[in-house]
Amino acid sequence: MTVAITGASGQLGSRAIENLKTRIDPENIIGLARSPDKASDLGIAVRAFDYTKPETQVAALEGVKTLVLIPTGASADRLGWHLNVINAAKAAGVHRIIYVSMLKTDVSPISIMPDHKKTEEAIRAAGLAYTMLRNPWYYEIWTRTLSAAIQSGELISTIGNGKVTPASRQDLAEAVAAVAADDRHENKIYELGGDEQFTFADLAAEVSRQSGKEVRYKNLPQDEYIEFLNASGLPEWQSEIIADAEGHAEHGWLFDDSKTLSGLIGRPTTTLKDAVAAALT
Ligand SMILES: NC(=O)c1ccc[n+]([C@@H]2O[C@H](COP(=O)([O-])OP(=O)(O)OC[C@H]3O[C@@H](n4cnc5c(N)ncnc54)[C@H](OP(=O)(O)O)[C@@H]3O)[C@@H](O)[C@H]2O)c1
């Protein structure tokens, strides 16, 4: 079995490859990277693979049985790039695509979901075997701003009392490796919330506890939250995506308590306490 993983130079892809190396012979793993040099320290074969260059993709997928498709960041062309890869996979004789999707993508109202939903649909319509890994938000997306919250004493969002179940990139990378190494995950759709569920008030309390400085959760209306994110230096399109997702998270759209993720990786997922500690060190 040969498994190829796109985004091999990225944070999720490289972690997935490191974990997969412990599960199958590294000779059967191929990293696919836009710039192979950036993935040269992974200790596996790396092939050039650019989502924007469909004419090169069939050759790059030669001999691949299982393809892990890690999406690119949100962009106007993302769905088209994913469709290119699916077509190339089919032409190259790939048997299964493992797609790194998002929680509840088939029904979620979050604005970035249509690319994921349509990618899932295209994989199935192509007649390929599949595994859909519907990821929650990464802890790291939320913990990267904690030092600013500690400085100001306020953790700000538009999420209200919504409960979330994030997981770390490492947790989710191990899930990629687990399903890539085992054909029994064929034609399955997994919702992958982390084990721990909490509100942003709980997150603020944990930050207070670990930092020794009082941090309170402050809820803003969505438009004011977008202005706050813009002022913190994010481009407006990114502020809008975050505010939209966190607004919907108030109503449970970034929540999954199935514990499927910990079942797949064979251990509890990263705790809130450990995610905050990792961010503060
Ligand atoms: N669940 C969440 O909370 C969450 C948060 C953020 C993102 N995501 C999604 O999860 C994906 C993986 O996350 P990550 O943390 O690993 O992101 P990352 O570190 O930014 O990795 C993205 C990967 O995509 C590659 N890539 C970008 N454009 C490409 C192209 N045209 N052709 C081929 N490869 C290309 C990058 O290659 P280079 O190294 O060459 O740039 C990189 O390897 C993201 O792309 C995004 O869709 C999820």
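**Exercise 1.** Which helix gives the most to the lining of the largest pocket?

*Solution.* The model is predicted.

Step 1. Begin with the pocket itself: the largest pocket holds about 1200 Å³ of space. Its lining has 39 residues, and those closest to its centre are P71, T72, G73, A74 and R78.

Step 2. List the elements that each supply at least two residues of this lining: helix 1 (11–20), strand 2 (29–33), helix 3, strand 5 (96–102) and helix 10 (236–249).

Step 3. Pick the element that gives the most: helix 10, with four residues.

**Exercise 2.** Into how many nonpolar, polar and charged residues does the lining of the largest pocket divide?

*Solution.* Sorting the lining residues by type gives 19 nonpolar, 14 polar and six charged.

**Exercise 3.** Describe how helix 3 and helix 4 pack, and name the residues in contact.

*Solution.*

Step 1. Two packed helices are described by the angle between their axes and the distance between the axes. For helix 3 (residues 78–92) and helix 4 (residues 113–125), the angle is about 15° and the axes lie 10 Å apart.

Step 2. Angles under 35 degrees count as roughly parallel, so helix 3 is roughly parallel to helix 4.

Step 3. The crossing of helix 3 past helix 4 is right-handed.

Step 4. On the helix 3 side, the contact is made by R78, L79, H82, L83 and I86. Helix 4 contributes D115, H116, K118, T119, A122 and I123.

Step 5. By type, the residues of this contact are five nonpolar, three polar and three charged.

Definitions and conventions. Residues are numbered from 1 along each chain as its sequence is written. This is a predicted model: local features need pLDDT of at least 70, side-chain atom pairs count only at pLDDT 80 or more; totals for chains, interfaces and linings use all residues. Side-chain values use heavy atoms; hydrogens and water are left out. Axes are lines fitted to C-alpha atoms, for helices over the stretch in contact, and angles run from 0 to 180 degrees between N-to-C directions. Angles under 35 degrees count as roughly parallel, over 145 as roughly antiparallel, 65 to 115 as roughly perpendicular and the rest as oblique. A crossing is left-handed if the near helix is turned anticlockwise from the far one by less than a right angle, and right-handed if clockwise. Contact means heavy atoms within 4.5 Å. Ala, Val, Leu, Ile, Met, Phe, Trp, Tyr, Cys and Pro count as nonpolar, Asp, Glu, Lys and Arg as charged, and the others, Gly among them, as polar. On a 1 Å grid over the protein atoms alone, a cavity is a set of points where a 1.4 Å probe fits but cannot get out, and a pocket is an open set with protein on both sides within 12 Å along at least five of seven lines; lining residues have an atom within 4 Å of a point. Grid points are joined across faces, edges and corners, and a volume is the space filled by probe spheres set on the points.
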